[in-house]
Amino acid sequence: MHDQDMRDILTDIVSEINQPVELANYECMKLLADVIRFVMTLFVHEQLTDFKLLYMVLECCQLVYYMAARKRKVYLSSLIADHGIWSDTANWRECIEYMIRLKIEDALRR
């Protein structure tokens with residue numbers, strides 16, 4: 001399986017998460033975070049960021065959580081927050097520009 005195929009599959013999976021999802025098992029959330037961290041590391045090493053996937057990851061990470069002790073929600077974002085990709089402001093800017101272009105193109109098609 002090629003890296004692009006894996007990214008496309010991951011994009012499809014995380015794009016289906018469009019409402020809050022509680023995971024019953026913290027280990028499952030850690031595994032999901034590991035997969036996401038691996039893909040983000042590929043972005044850094046290849047110096048090629050898939051902005052659609054990055055955007056989907058951002059959305060997904062604010063929706064997937066585990067209910068920890070004392071009914072405290074631990075979000076998936078907390079497990080990937082220390083990844084180096086977030087310190088590169090160019091990624092943020094380019095991701096925002098990419099998503100705006102997609103939304104404009106979508107609006108023009110309608």
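I began with the largest pocket and found it lined by Phe43, Val44, Gln47, Leu48, Thr49, Phe51, Ile85, Asp88, Ala90, Asn91 and Glu94. A pocket here is an open set of points on a 1 Å grid over the protein atoms alone, where a 1.4 Å probe fits, with protein on both sides within 12 Å along at least five of seven lines; lining residues have an atom within 4 Å of a point. The elements that give two or more residues to this lining are helix H2 (26-46) and helix H5 (89-109). H5 supplies the largest share, 3 residues. I noted the make-up of the lining as 6 nonpolar, 3 polar and 2 charged residues. For this division, Ala, Val, Leu, Ile, Met, Phe, Trp, Tyr, Cys and Pro count as nonpolar, Asp, Glu, Lys and Arg as charged, and the others, Gly among them, as polar. The largest pocket holds about 170 Å³ of space, a volume being the space filled by probe spheres set on grid points that are joined across faces, edges and corners.

I recorded the basis of these entries: the model is predicted, local features need pLDDT of at least 70, side-chain atom pairs count only at pLDDT 80 or more, and totals for chains, interfaces and linings use all residues. Residues are numbered from 1 along each chain as its sequence is written, and side-chain values use heavy atoms, with hydrogens and water left out.

Next I looked up the overall layout. The protein chain has 5 helices and 3 strands, where helices (H or I, at least four residues) and strands (E, at least two) are DSSP runs numbered from the N terminus. From the N terminus on, I read the order as α-β-α-α-β-β-α-α. The C-alpha atoms fill a box of roughly 45 × 35 × 30 Å along the principal axes.

I then turned to the sheet. It is open, with 3 strands in the order S1-S2-S3 and mixed pairing; two strands pair if DSSP finds at least two bridges between them. Strand S1 (21-23) and strand S3 (72-75) are at the edges with a single partner strand each, so one side of each has no neighbour in the sheet. S1 pairs with S2 in the parallel sense over 3 bridges, and Glu22 stands opposite Tyr65 in S2. Tyr65 also has Tyr75 in S3 as bridge partner. Strand S2 (residues 64-68) and S3 run antiparallel, joined by 4 bridges. Ala68 stands opposite Arg72 in S3. The hairpin of S2 and S3 has 3 residues between the strands, and Arg70 there takes a positive phi near 60°.

Last, I examined how H3 meets H5. Helix H3 (residues 51-61) packs on H5 at an angle of about 100°, with the axes 9 Å apart; axes are lines fitted to C-alpha atoms, for helices over the stretch in contact, and angles run from 0 to 180 degrees between N-to-C directions. H3 and H5 are therefore roughly perpendicular, a term for angles of 65 to 115 degrees. Phe51, Lys52, Leu54, Tyr55 and Leu58 in H3 meet Asn91, Trp92, Glu94, Cys95, Tyr98, Met99 and Lys103 in H5, contact meaning heavy atoms within 4.5 Å.

Key:
Angles under 35 degrees count as roughly parallel, over 145 as roughly antiparallel, 65 to 115 as roughly perpendicular and the rest as oblique.
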